[in-house]
Each structure stands twice: as structure tokens, then as C-alpha cells.
Amino acid sequence: MMINAYEEAPAFCQAVDMWKRHALDPKTERLFSDVLSSICWMGACLLSKKKEFAGYKILFLSADTQAALVLHALEKTRAMIIDTAHPKRAVNYYVNMAQNYLRDLADKCRRRKDFQRIEKVDPNVASVCSDIFGERRKNHNWHVELLDK
């Protein structure tokens, strides 16, 4: 369920304060969760519209990334002092925090592309290794040979 975070900003800020004090009732906690998820989604949508990050839209909007993003936002909420006196400013803080997390994720993906991928490695052709006694073995499954004896 998508919620307009700016319309719900005052209630969200109250929920942040109560969440930090561990005083949320289940109904308010649900609203807090929905607004926080909507903020993370909004940050991902806004960032994926930029030309530089357009290729990451599927990654940014995937359920796994969104869940990690919400968890990151909760960790930041716990650790940081957030100015809840200005609700729209607080929402902007969360949007920027989400976008920074996604920028870092995109940078990690770019760096991974530099690595060569090895697919379909045959363990019988793998490089020579040695066991704990220093004996050279071609097959990495040498412990299976010892069990068979």
C-alpha cells in the first residue's frame, strides 16, 4: 500500500519519536512501517528516473532491495538524531538516505562487473591442491577417497 509520505509526515514524525521510545501500539506501528516503506520506494523511483541510474530500476525496486532499504532506514533511525519538529524536512532526510544507499548499491554492482566470472567448473579438472599432510591431490573431494578405504 503506497502512502503519500508528505501528507502523512506529521504522523510519521510522531511515530519515529514513539518508535525510539519503544512506545508504538500496533496500529501506529503499521502506519510507521507503511510510510517508511513508501519513502524508500519514492526514493528508489526518483533515483531510477535519473539517466545514470536508469539501468538499475529493476534492482532498486525489487522486493529484496526494498526490504534491505527499510532495514537500513530503521538502523539509521535508531542511531541518528532526527529533527522531527520539521516533518517535511524529516521525510526529505529519509528520501536522501534511501538514495544514498541505492547509489552505494549501484557502485558495488559496477565494481562487480570488473571481475571475471567462471562458470561450469569441473572439480576433476580443478587445480592441484594439498591435504593437511601435504600430499598433493588433483580432486578437491579427497576426503571422500579416505572414507571409502
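**Helix α2, length.** I started with α2, residues 26-48 of this predicted model. Its 23 residues, at 1.5 Å a residue, should span 33 Å, and the end C-alpha atoms are 33 Å apart, so the two agree. The expected span is 1.5 Å times one less than the number of residues. Helices here are DSSP runs (H or I, at least four residues), numbered from the N terminus.

**Ground rules.** I number residues from 1 along each chain as its sequence is written. Local features need pLDDT of at least 70, side-chain atom pairs count only at pLDDT 80 or more, totals for chains, interfaces and linings use all residues, and side-chain values use heavy atoms, with hydrogens and water left out.

Contact means heavy atoms within 4.5 Å.

**α1 with α2.** Next I took the axes, which are lines fitted to C-alpha atoms over the stretch in contact, with angles from 0 to 180 degrees between N-to-C directions. Those of α1 and α2 come within 9 Å and cross at roughly 115°. I noted A11, F12, A15, V16 and W19 of α1 against T28, L31, F32, V35, L36 and I39 of α2. By class, that is 10 nonpolar, 1 polar and no charged. Nonpolar covers Ala, Val, Leu, Ile, Met, Phe, Trp, Tyr, Cys and Pro; charged covers Asp, Glu, Lys and Arg; the others, Gly among them, are polar.

I checked H22, in the loop between α1 and α2. Its phi is near 60°, a positive value in a residue other than glycine. Most residues other than glycine have a negative phi. H22 is exposed, at a relative accessible area of 73%; exposed means over 50%.

**α2 with α4.** The axes of this pair come within 10 Å and cross at roughly 115°. I found F32, L36, S37, C40, W41 and A44 in α2 meeting Q66, L69, V70, A73 and L74 in α4. The contact divides into 9 nonpolar, 2 polar and no charged residues.

**α4 with α5.** Last, I read the axes of α4 and α5: they come within 10 Å and cross at roughly 125°. The residues in contact are T65, A68, L69, H72, A73, K76 and T77 of α4 and Y93, Y94, M97, A98, Y101, L102 and L105 of α5. I logged 10 nonpolar, 3 polar and 1 charged residues there.

Key. Helices (H or I, at least four residues) and strands (E, at least two) are DSSP runs, numbered from the N terminus. Buried means under 20% relative accessible area, exposed over 50%, partly exposed in between (1.4 Å probe, protein chains only).
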